[in-house]
Amino acid sequence: MKPSAAAAAKRVRLPATVVALGIVSFFNDTSSDMVIPLLPRFVAMLGGGPQALGAIEGVADATASLSQLASGYMADRIGRLKGLTLFGYAIPSLIRPLLSAVSVWPQVLGIRFIDRVGKGLRTPPRDALLAASAPAEIRGRAYGFHRALDNAGAIAGPLAAYLMLAGGLSLREVFAWTALPGLIAVLVLAVSVRRAPRPANIDAGPPPSIGLPPSPIFRRYLLSVFVFTLGCSSDTFLLWRANEIGIAVAYAPLLWIVLHVVKASSSTWGGTLSDRAGRRAPILAGWAIYALAYLGFALANAPWQMWALFAVYGMFFGLTEGAEKALVVDLVDESWRGRALGAYHAAVGMAALPASVIFGVVYQHAGPVVAFSMGAGLAGFAAILLPRNPSMAARS
């Protein structure tokens with residue numbers, strides 16, 4: 001982006017819809033992340049081990065991503081972006097508190113499955129709504145801002161869980177309280193987010209086709225994301241590793257907060273960087289940080305190292321989350337946005353299930369050094385596959 005254009009982009013305010021969707025994400029993630037840091041301990045209490053945790057989180061991640069293919073198609077087909085998004089947020093707010101009543105770990109898997117169906121249904125229409133609401137010159141900043149509030153919720157959630165546990169509540173009681181922020185998220189979305197105009201091509205043209213956008217560079221980009229995700233297991237394994245090294249379960253929410261403080265504080269900056277310098281540079285930098293952090297998790301042997309590694313690892317998200325979504329939108333025509341975003345998340349999902357399952361098996365049978373080194377190696381291979389000159393990655 002030229003200096004004058006960059007200065008102009010700085011002066012453009014984020015639209016009200018972008019801000020409102022960020023607030024929705026904040027409360028939804030507050031609810032979700034009251035659960036996530038406590039899952040490893042809860043699964044262990046129910047008789048599960050690393051393989052059970054890998055199955056639960058692998059199925060959860062894959063479900064969320066694969067269901068986004070259908071959701072992305074519906075977003076392009078009917079154009080009801082707000083309605084689809086609202087439905088996708090309502091499902092988790094109803095199902096998540098039921099974790100307080102489970103008695104065996106496969107029930108946790110079932111609830112996480114339904115929870116992630118909701119995530120899959122809402123994400124492509126919500127991301128398309130963000131793209132429709134933000135001018136192209138600040139699109140990376142809009143996605144980065146949304147991720148910043150999303151990650152801020154991932155700070156508030158573990159903090160609330162920690163305070164509840166410190167106050168004497170049980171894990172099950174904490175899970176029951178997730179209903180409150182989930183309800184607030186749904187109400188804010190219903191009241192504060194405006195409907196996006198229906199694109200003219202939805203009513204005027206034939207139904208959209210099913211499949212990937214025709215852009216070869218977009219497909220190459222999906223391949224690189226897929227390979228990277230094969231080495232990107234659930235972050236709950238990081239908490240498992242921290243517990244192995246000596247960090248008490250009571251401090252797991254605080255460790256989670258450290259991660260998300262860095263994510264939240266760097267996400268808007270990372271998205272803005274992608275508006276100015278192009279999408280590829282921050283994505284590559286983020287993937288490199290991921291590989292180095294995973295090598296650190298493999299070799300760590302003291303609790304203080306885990307605190308530092310969680311902070312470094314957070315920079316990976318800040319650099320990549322906004323840039324990756326913005327690049328998806330950059331590389332396709334507006335009529336393909338929903339399906340392209342759905343395909344992007346599906347690529348993540350198709351790799352997420354084997355990633356967490358394989359990581360859990362390798363971790364349990366070969367140890368953490370082999371498992372984390374495997375993830376670092378796949379990140380390096382993905383960086384080689386990332387397209388060198390995405391045609392619309394930087395606007396001038």
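Colleague: How many helices and strands does the protein chain have?
Modeller: The protein chain has 17 helices and zero strands. Helices (H or I, at least four residues) and strands (E, at least two) are DSSP runs, numbered from the N terminus. This is a predicted model, in which local features need pLDDT of at least 70 and side-chain atom pairs count only at pLDDT 80 or more, whereas totals for chains, interfaces and linings use all residues. Residues are numbered from 1 along each chain as its sequence is written, and side-chain values use heavy atoms, with hydrogens and water left out.

Colleague: What share of the residues in the protein chain is buried?
Modeller: Of the 396 residues in the protein chain, 56% are buried. The term buried stands for a relative accessible area under 20%, exposed for over 50% and partly exposed for what lies in between, with a 1.4 Å probe and protein chains only.

Colleague: How do you describe the packing of helix α15 and helix α16?
Modeller: Two packed helices are described by the angle between their axes and the distance between the axes. For α15 (residues 303-330) and α16 (residues 337-366), the angle is about 140° and the axes are 9 Å apart. That angle makes α15 oblique to α16, since angles under 35 degrees count as roughly parallel, over 145 as roughly antiparallel, 65 to 115 as roughly perpendicular and the rest as oblique. The axes are lines fitted to C-alpha atoms, for helices over the stretch in contact, and angles run from 0 to 180 degrees between N-to-C directions.

Colleague: Which residues of α15 and α16 meet?
Modeller: Glu324, Lys325, Val328 and Val329 in α15 meet Arg337, Ala340, Leu341, Tyr344 and His345 in α16. Contact here means heavy atoms within 4.5 Å. By class, five nonpolar, one polar and three charged residues form the contact of α15 with α16.

Colleague: Why does Arg147 count as buried?
Modeller: The relative accessibility of Arg147 is 12%, and therefore Arg147 counts as buried. Glu321 is buried as well.

Colleague: Where do Asp150 and Arg147 lie?
Modeller: Both lie in helix α7, three residues apart, about one turn of the helix. Asp150 is buried, with a relative accessible area of 6%.

Colleague: How do you know that Asp127 is buried?
Modeller: Asp127 has a relative accessible area of 0%, so Asp127 is buried. The side chain of Asp127 meets that of Arg126 in a salt bridge (3.1 Å, N to O). Arg126 is buried too, with a relative accessible area of 3%.

Colleague: How many salt bridges are there by this rule?
Modeller: The count comes to 10 salt bridges. Arg139, Asp275, Arg279 and Asp330 are linked in a network of salt bridges.

Methods. Nonpolar A, V, L, I, M, F, W, Y, C, P; charged D, E, K, R; others polar. Salt bridge = Lys/Arg side-chain N within 4 Å of Asp/Glu carboxyl O.
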